[in-house]
Amino acid sequence: MPLVPPYIESLRPYEAGRTTESVRKQYGLTRIAKLASNENPLGAAPKAVEAMHRSLDSLHLYPNGGLDLREVLAAEYDVKLDNVIAGSGSEGIMSNIIRAFLCDDDEVLTTDAAFIGFQVLAKSRGVKYRTVPYRDWHYDLEAMAAQINQHTKIIYLANPNNPTGTIFTRHQFDEFYKHVPERVLIILDEAYFEYAKDNPRYPDSMHYRYDNVITLRTFSKIYGLAGARIGYGFAHEELIRNLLKVKLPFEPSTPAQAAGIAALGDKEFLHRSLELNARGLRYLTAGLQELGLTVAPSQANFVMTVLPTEQDAARIFENLLTQGVVVRPLKAFGLPNCLRISTGTDDDNRLCIEAWSKSYAANLGTSHAG
Ligand SMILES: Cc1ncc(COP(=O)(O)O)c(C=O)c1O
């Protein structure tokens with residue numbers, strides 16, 4: 001079809017994880033542990049839900065483009081309003097960044113098998129998309145710095161990273177930053193920031209602001225608001241001013257914005273979610289390692305495990321589904337022999353490891369054990 005540019009024609013659309021309902025129907029199951037999309041197993045922050053209900057009274061009015069949330073965030077982080085943007089999830093803002101700053105001859109640089117949402121967005125712009133392999137499942141920032149050329153325009157770094165869960169440290173980022181020219185924009189995607197922020201080696205980007213770094217954060221993960229579509233970003237006022245030009249004027253929606261503001265105040269929920277997640281990470285990591293599997297060291301709300309082959313990963317994924325455990329295959333990310341497992345409730349996590357043990361015995365135990 002001549003109307004479609006080749007880089008759109010060849011694009012593989014974003015495939016979300018399986019829904020609980022589709023798995024329930026397909027396998028006739030009652031108990032499902034959905035551990036495929038890094039959502040909060042406790043649900044949404046209760047204060048956010050209440051605020052969202054209250055906001056329905058003004059549903060007939062157009063929203064104010066995220067102004068209320070920007071004001072709250074500016075006060076909380078002690079920055080100017082002009083340094084903050086709010087949008088329909090952090091992916092909504094990412095999409096605006098790509099639209100606002102990439103020209104035809106520009107290049108994007110990131111890691112192999114980067115967060116798939118970014119891959120799809122960047123490739124949909126039709127510019128050159130270059131990657132550097134992981135080193136032990138971590139970003140290889142040294143190798144990435146060596147790949148910067150005169151066309152590099154955007155460098156995308158997720159910290160913690162999805163799908164590996166690993167982080168780069170403050171020291172590593174500082175070293176890397178020395179090699180990045182000012183004309184290159186770094187997207188620092190901190191969707192999983194809250195899970196990693198207490199690690200003293202983690203570089204919370206709000207502690208030091210650079211003019212060419214845009215920080216992206218979201219309410220989709222720890223605050224449990226993935227369905228509301230609300231995220232935010234911090235950057236130099238020039239960047240924000242230009243992003244606001246391309247942003248849809250009425251995003252985020254009124255209920256989403258109200259939910260985000262209230263979620264920031266729901267500290268009890270935040271702590272409960274962090275505790276559950278820390279327990280889940282320990283349990284899943286230990287359980288999978290006891291089976292003899294390689295697990296990348298995660299600072300997020302999921303773990304990534306490495307299977308011997310793509311076929312092993314596909315067989316285990318299908319077998320787990322039959323037992324009501326939905327995990328995320330990573331072929332579309334570019335890691336066909338890996339599976340990603342989000343932390344769930346304690347019960348979900350137990351069900352998951354039980355299912356893995358059976359699945360492992362049935363699919364890998366004889367050929368690969370030991
Ligand atoms: C690294 C990363 N960035 C961004 C997002 C998307 O966040 P949002 O729901 O705010 O668009 C995700 C979601 O999985 C993610 O893993």
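Student: What volume does the largest pocket have?
Tutor: About 520 Å³. A pocket here is an open set of points on a 1 Å grid over the protein atoms alone, where a 1.4 Å probe fits, with protein on both sides within 12 Å along at least five of seven lines. Grid points are joined across faces, edges and corners, and the volume is the space filled by probe spheres set on the points. Keep in mind that this is a predicted model: local features need pLDDT of at least 70, side-chain atom pairs count only at pLDDT 80 or more, and totals for chains, interfaces and linings use all residues. Residues are numbered from 1 along each chain as its sequence is written, and side-chain values use heavy atoms, with hydrogens and water left out.

Student: Which residues lie nearest the centre of the largest pocket?
Tutor: Tyr14, Ser37, Glu91, Phe115 and Lys221, out of 29 lining residues. Lining means having an atom within 4 Å of a point.

Student: Which helix gives the most to that lining?
Tutor: H5, with 3 residues. That helix spans 89-101. Helices (H or I, at least four residues) and strands (E, at least two) are DSSP runs, numbered from the N terminus.

Student: New topic. Which residues of H8 are buried?
Tutor: Phe173, Phe176 and Tyr177, in a helix covering residues 170-177. They fall within an arc of 95° seen down the axis, so they line one face of H8. The arc is taken from the directions from the helix axis to the C-beta atoms. Buried means under 20% relative accessible area, exposed over 50%, partly exposed in between (1.4 Å probe, protein chains only).

Student: What do they pack against?
Tutor: Helix H7 (141-146) and strands S5 (152-158), S6 (185-189) and S7 (213-218). Contact means heavy atoms within 4.5 Å.

Student: Which members of the largest nonpolar core touch the most others?
Tutor: Ile97, Phe118, Ile155, Leu157 and Phe176, among 45 residues. Such a core is a set of buried Ala, Val, Leu, Ile, Met, Phe, Trp, Tyr and Cys residues joined through side-chain atoms within 4.5 Å. Another core, of 30 residues, lies apart from that one and includes Leu284 and Val326.

Student: And Gln257, buried or exposed?
Tutor: Buried, because its relative accessibility is 5%. Gln257 sits in helix H11 (residues 254-264). A polar atom of its side chain lies 3.4 Å from the backbone nitrogen of Leu67.

Student: Pro6, buried or exposed?
Tutor: Exposed, at 64% relative accessibility. Pro6 belongs to helix H1 (residues 6-9).

Definitions and conventions
A polar contact is a pair of N or O atoms within 3.5 Å; within protein, one must be able to donate a hydrogen and the other to accept it, and residues adjacent in sequence count only if both atoms are side-chain atoms.
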